[in-house]
Amino acid sequence: ILTRIACETSMRYGIQMIMTASIVATKRKASQVSIDDIKKCYSLFVDLKRSTQFLMEYQKDFMFNELEDDDDDDEDEDDDD
């Protein structure tokens, strides 16, 4: 599973998953990293591709989008004067 993650994202992200999954396994006092540890880390830490996809899907819900809408409203008010 780590090989697939590294191939789909990057080697750096794959190595970070190994280290993070090792910490999760140590936290639960296990001697080996399990697939569940890797899945947990994968769900908590997002790579560049998934982060970009998330931003594209939810961009209308973020605060910076509201600021752009407010600027448009201000311009409309100036035109009325």
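Predicted model: local features only at pLDDT ≥ 70, side-chain atom pairs only at ≥ 80, totals over all residues.
Residues are numbered from 1 along each chain as its sequence is written, and side-chain values use heavy atoms, with hydrogens and water left out. Local features need pLDDT of at least 70 and side-chain atom pairs count only at pLDDT 80 or more, while totals for chains, interfaces and linings use all residues.

**Exercise 1. State the secondary structure and the burial of the protein.**

Step 1. Count the elements: five helices and zero strands. Helices are DSSP runs of H or I with at least four residues, strands are E runs of at least two, and numbering starts at the N terminus.

Step 2. Read along the sequence: the pattern is α-α-α-α-α.

Step 3. Check burial. Of the 81 residues, 16% are buried. Buried means under 20% relative accessible area, exposed over 50%, and partly exposed in between (1.4 Å probe, protein chains only).

**Exercise 2. Describe how helix α2 and helix α3 cross.**

Step 1. Locate the pair: α2 spans residues 11–27 and α3 spans residues 35–44.

Step 2. Take the axes. They come within 8 Å and cross at roughly 120°. Axes are lines fitted to C-alpha atoms, for helices over the stretch in contact, and angles run from 0 to 180 degrees between N-to-C directions.

Step 3. Classify the angle. Under 35 degrees is roughly parallel, over 145 roughly antiparallel, 65 to 115 roughly perpendicular, and the rest oblique. α2 and α3 are therefore oblique to each other.

Step 4. List the contacts (heavy atoms within 4.5 Å). From α2 come Tyr-13, Met-17, Thr-20, Ala-21, Val-24 and Ala-25; from α3, Asp-37, Ile-38, Lys-40, Cys-41 and Tyr-42.

Step 5. Sort these contact residues: eight are nonpolar, one is polar and two are charged. Here Ala, Val, Leu, Ile, Met, Phe, Trp, Tyr, Cys and Pro count as nonpolar, Asp, Glu, Lys and Arg as charged, and the others, Gly among them, as polar.

**Exercise 3. Characterise Lys-29.**

Step 1. Read the backbone. Phi of Lys-29 is near 60°, a positive value in a residue other than glycine.

Step 2. Judge the cover. Lys-29 has 76% relative accessibility, so this residue counts as exposed.

**Exercise 4. Find what Phe-45 touches.**

Step 1. Set aside neighbours within four places in sequence. Phe-45 is then in contact with Tyr-13, Met-17, Thr-20 and Arg-50.

Step 2. Take Thr-20. Phe-45 and Thr-20 are 25 residues apart in sequence and 9.3 Å apart in space, C-alpha to C-alpha.

Step 3. Judge the cover. With a relative accessible area of 42%, Phe-45 is partly exposed.
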